[in-house]
Amino acid sequence: MTKEALCTMARDAMENAYVPYSGFRVGAALLCADGAVYTGCNIENASFTPTVCAERTAVFKAVSEGRRDFSAIAVASGKDGGEAASFPPCGVCRQVLAEFCSPEMPVYVLRGSGEIGEYTLQDLLPFAFTPKFMK
Ligand code: THU
């Protein structure tokens, strides 16, 4: 799976975003080591705090189906009806990713121009609190 293909899946996942409050659609595509992909979108709530980000939707879908081995994630976002103009995952999603993914795992971000920004999880969350500290 190329990073371009993974970003396309993230962009397509924006379509199912439930965003009546922000109008800000986010899609994520999480690649498993065996090539399977789990997508997710943001799902907002009238009570606001239960809102879940696209990245966590994708991770929780995958983990709930027994997946643990991830090799990349792509994120796309943009205002309703607008083109993708993405940012890297929020702090809470970075922490959730750090639970399951290696610090070197690439995080791709689809920008408005179609250009793909690339980070590692470690770039985004240095000195992460991870399961090894619980041993
Ligand atoms: N959102 C995500 O889906 N991912 C992030 O990493 C940051 C923010 C969503 C949550 C909310 O529905 C909207 O974007 C505005 O914050």
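A salt bridge is a side-chain nitrogen of Lys or Arg within 4 Å of a carboxyl oxygen of Asp or Glu. In this predicted model, aspartate 34 and arginine 67 form such a bridge, with their closest N and O atoms 2.4 Å apart. The two partners come from distant parts of the chain, 33 residues apart: aspartate 34 is in the loop between β1 and β2, and arginine 67 is in the loop between α2 and β3.

**Salt bridges**

- Side chains of opposite charge can pair when their charged atoms come close.
- Across the whole structure, the search finds four salt bridges.
- Aspartate 34, a partner in the bridge described above, counts as exposed, at 56% relative accessibility.
- Arginine 25 and aspartate 80 also meet through their side chains in a salt bridge, at 2.3 Å from N to O. This pair, too, links distant parts of the chain: arginine 25 belongs to strand β1, aspartate 80 lies in the loop between β3 and α3 (91-100), and 55 residues separate them.
- Aspartate 80 is partly exposed, with a relative accessible area of 43%.
- A further salt bridge joins the side chains of arginine 11 and aspartate 12, at 3.8 Å from N to O. Arginine 11 is partly exposed, at 42% relative accessible area, and aspartate 12 is partly exposed as well, at 45%.

**Helix α1 and its surroundings**

- Helix α1 spans residues 3-13, and within it Leu6, Cys7, Ala10 and Ala13 are buried. Viewed down the axis of α1, these buried residues fall within an arc of 115°, so they line one face of the helix.
- Those buried residues pack against five strands, namely β1 (24-32), β2 (37-41), β3 (70-79), β4 (106-110) and β5 (116-120).
- Alanine 13 is part of helix α1 and is buried, with a relative accessible area of 9%.
- Leaving aside residues up to four places away in sequence, alanine 13 touches Val26, Gly27, Ala28, Thr39, Gly40 and Cys41.
- With glycine 27, which is 14 residues from alanine 13 along the chain, the separation between C-alpha atoms is 4.6 Å.

**Helix α2**

- Eight of the 11 residues of α2 are buried, so this helix is largely enclosed by the rest of the structure.
- The buried residues in α2 are Ala54, Glu55, Arg56, Thr57, Ala58, Val59, Ala62 and Val63.
- The elements that cover them include β1, β2, β3 and α3.
- Glycine 66 follows α2 and has a positive phi, near 90°.

**Cysteines**

- The search of the whole structure finds zero disulfides. Cysteine 7 is thus among the cysteines in no disulfide; the nearest cysteine sulfur belongs to cysteine 101 and is 16 Å away.
- Cysteine 7 counts as buried, at 1% relative accessibility.
- Cysteine 93 is buried, with a relative accessible area of 1%.

**A nonpolar surface patch**

- Tyr18, Tyr21, Ile43 and Phe48 form a nonpolar patch on the surface, and together they have about 430 Å² of accessible area.
- Tyrosine 21 sits in the loop between α1 and β1 and counts as partly exposed, at 42% relative accessibility.
- Phenylalanine 48 is placed in the loop between β2 and α2 (54-64) and counts as exposed, at 54% relative accessibility.

**Positive phi angles**

- Most residues other than glycine have a negative phi.
- Phenylalanine 48, although not a glycine, has a positive phi of about 60°.
- Phenylalanine 127 is not a glycine either, and its phi is positive at about 55°. Phenylalanine 127 is found in the segment after α4 (121-124) and is exposed, with a relative accessible area of 85%.

Definitions and conventions:
Residues are numbered from 1 along each chain as its sequence is written. This is a predicted model: local features need pLDDT of at least 70, side-chain atom pairs count only at pLDDT 80 or more; totals for chains, interfaces and linings use all residues. Side-chain values use heavy atoms; hydrogens and water are left out. Buried means under 20% relative accessible area, exposed over 50%, partly exposed in between (1.4 Å probe, protein chains only). Helices (H or I, at least four residues) and strands (E, at least two) are DSSP runs, numbered from the N terminus. The arc is that of the directions from the helix axis to the C-beta atoms. Contact means heavy atoms within 4.5 Å. A disulfide is a pair of cysteine sulfur atoms within 2.5 Å. Patches are made of residues with over 30% relative accessible area and no salt bridge: like charges are joined within 9 Å, nonpolar side chains (Val, Leu, Ile, Met, Phe, Trp, Tyr) within 5 Å. Accessible areas come from the Shrake-Rupley method with a 1.4 Å probe; for residues, only the protein chains shown count as cover.
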